[in-house]
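Student: Could you take me on a close look at one buried spot in this structure, and then follow the chain outwards from there? I'd like to see how its surroundings are put together.

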Amino acid sequence: MMTTTKTIKLIMLLSALWCWFSVGIVHGQSNLKNINQSLRYSRYSRISPKIIPIKTGEREFLLQMPVEKIEENINFEDYTFSYVVVEDFNEEINEKNIVPLTASDIKKDTDRHFYFEKSITIPLDQKEAYAVIICKDTRQGDQYVYHADLISPFIGDIPSFGAYYDNDIPFDQTFINKGEALLFKSDKSMNLYNYFYPQDFEIPLPPMETRPAPVAKDIQVIDNGEFLVNVPQPFGDEGYYFVQSDTTEQTGFMVKTTNAAYPRVSTYDEMIDKLVYISTRNEHEALRAAEDKKKALDKYWLELTHDTEKAQNIIREYFRQIEFANILFTDFKEGWKTDRGMVYTVMGPPASVFFDADKEIWIYDKIGSKSKISFTFARIKNIFTPNYYKLNRSRSYQPEWFQSITLWRSGKMAF
């Protein structure tokens, strides 16, 4: 009996220690507000975790947790996985509330994902709730964190249905190529309503431009009618779709539909459009007016860098940034056209990323200086996406912004 008791205590101690180290707590308190989530936007991430909640009851949720495998030949044993549900961004995350996810918790293990599911209930008196998945690379100590609102002022409600790939893994992107289909599922019998928005958007104003951005006067919407759950639903046109189970509620599923090459840039016209962040107005207009776009682009880059190899490298680097911006920040807009996508394209991946319920803060080391510069993106409630952010613009950004553009144009920007 004594041996059994000691063994149980040892297991409990090891479990507590595992939970403690799995969230990477070294000094002080750890909470959603002070965890650096920069790996979420790194170009060298090995995995990409998500939480996609489904509402199953008044205060009950199914936490769908797909972890995308970016690293080749990934081994489950090289990572520790855990999740936690907190009341706000200040609640401490520690061994008391974190829940480990082990190999036995894997619902599906595919070529592209580890997939976990957990059902949770939020107490009736709790006003807010946020779910967090934490994945730690035990080889390097890198910590990947992702959080999702369950109950918060920035979402209307959580849908009671979900969208899935054809292998039943939850759809963990915000875009698909037009003509592709998703499978919508629910544990309830229901019809879903499908609306299409053939909307295109202007590029955002630069960070130092404080005048209000133009607002589209009319947003066209096309009612595509109803469809049944558990039947693949194709999305045939380029724009964005919004799917609802109840059109009177402020909740649903949004997906951006794109051309076949997206998130990459595939045509010379697209390349010219996306050079707007680092070109002068005259340069950009001349490129758009050129009859031979390839020749005009070659001349543009060579005149900037004065070196063929340097031009090739910076072209590759710039459009790689565009690709990552599209992957990371697409909502109803293309990722590179969002405020976060614009800053990411020009400034590169931020050194530090911190969240609060109402904002996201990016911190960069100033070029040629020991000081830092931060960009604050205010979170705005939006029916289409829970992750809609607008940059708090300021004239103070101008020196660093122009300095980064100069590095791009001289072929010296690298990440």
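Tutor: Gly162 counts as buried, because its relative accessibility is 6% and the limit for buried is under 20%. Keep in mind as we go that this is a predicted model. Gly162 sits in strand β10, which covers residues 162–164. Now look at what lies around Gly162. Setting aside neighbours within four places in sequence, Gly162 is in contact with Ile54, Leu183, Phe184 and Lys185. Take Phe184 from that list: 22 residues separate Gly162 and Phe184 along the chain, yet their C-alpha atoms are 5.6 Å apart.

Another of those contacts, Ile54, leads us to strand β2, made of residues 52–55. Strand β2 is joined to β3 by four bridges, and the two run antiparallel. For one example to find on screen, Ile52 has Gln64 in β3 as its bridge partner. The link from β2 to β3 is a hairpin of four residues. If you wonder what holds such neighbours together, strands of a sheet pair through backbone hydrogen bonds, either parallel or antiparallel.

Follow the chain on from β3 and you come to a loop between β3 (60–69) and β4 (79–86), where Asn73 has its place. Is Asn73 buried or exposed? With 72% relative accessibility, Asn73 counts as exposed, because the limit for that is over 50%. Asn230 gives you another positive phi in a residue other than glycine, near 65 degrees. You will find Asn230 in the loop between β14 (222–228) and β15 (232–234). Its relative accessible area is 46%, so Asn230 is partly exposed.

Tyr262 and Pro263 are joined by a cis peptide bond, with omega at about 15 degrees. Pro263 belongs to the loop between β17 (253–258) and α2 (268–274). These spots stand out because most residues other than glycine have a negative phi, and most peptide bonds are trans.

Further along come the helices. Helix α3 (residues 281–289) and helix α4 (residues 293–305) have axes that come within 8 Å and cross at roughly 150 degrees. That angle is over 145, so α3 and α4 are roughly antiparallel to each other. On the α3 side, the contact uses Glu283, Leu287 and Arg288, and on the α4 side Lys293, Ala296, Leu297, Tyr300 and Leu304. Sorted by type, the residues of this contact are five nonpolar, no polar and three charged.

Compare that with helix α6 (residues 339–347) and helix α7 (residues 398–410), whose axes come within 9 Å and cross at roughly 55 degrees. The pair α6 and α7 is therefore oblique. Here α6 brings Met342, Val343, Thr345, Val346 and Met347, while α7 brings Glu400, Trp401, Ser404, Ile405 and Trp408. This contact divides into seven nonpolar, two polar and one charged residue.

Next, the nonpolar cores. The largest nonpolar core has 54 residues, and those with the most contacts inside it are Leu275, Ile278, Trp301, Val343, Trp362 and Phe375. The biggest share comes from helix α5 (residues 308–329), which gives eight residues. Val343, apart from neighbours within four places in sequence, is in contact with Gly348, Trp362, Tyr364, Phe375, Phe377, Leu391 and Trp401. A second, separate core has 28 residues, including Phe81, Ala129, Ala131 and Ile133.

Finally, look at an open sheet of four antiparallel strands, in the order β18-β19-β20-β21. Its edge strands are β18 (352–356) and β21 (389–391), each pairing on one side only. From one strand to the next, the twist averages 25 degrees. Strand β20 (residues 372–379) pairs with β21 over three bridges, in the antiparallel sense. To see one of the partners, find Ala378, whose bridge partner in β21 is Lys390.

How values were computed: Residues are numbered from 1 along each chain as its sequence is written. This is a predicted model: local features need pLDDT of at least 70, side-chain atom pairs count only at pLDDT 80 or more; totals for chains, interfaces and linings use all residues. Side-chain values use heavy atoms; hydrogens and water are left out. A nonpolar core is a set of buried Ala, Val, Leu, Ile, Met, Phe, Trp, Tyr and Cys residues joined through side-chain atoms within 4.5 Å. Buried means under 20% relative accessible area, exposed over 50%, partly exposed in between (1.4 Å probe, protein chains only). Contact means heavy atoms within 4.5 Å. Two strands pair if DSSP finds at least two bridges between them. Axes are lines fitted to C-alpha atoms, for helices over the stretch in contact, and angles run from 0 to 180 degrees between N-to-C directions. Angles under 35 degrees count as roughly parallel, over 145 as roughly antiparallel, 65 to 115 as roughly perpendicular and the rest as oblique. Ala, Val, Leu, Ile, Met, Phe, Trp, Tyr, Cys and Pro count as nonpolar, Asp, Glu, Lys and Arg as charged, and the others, Gly among them, as polar.
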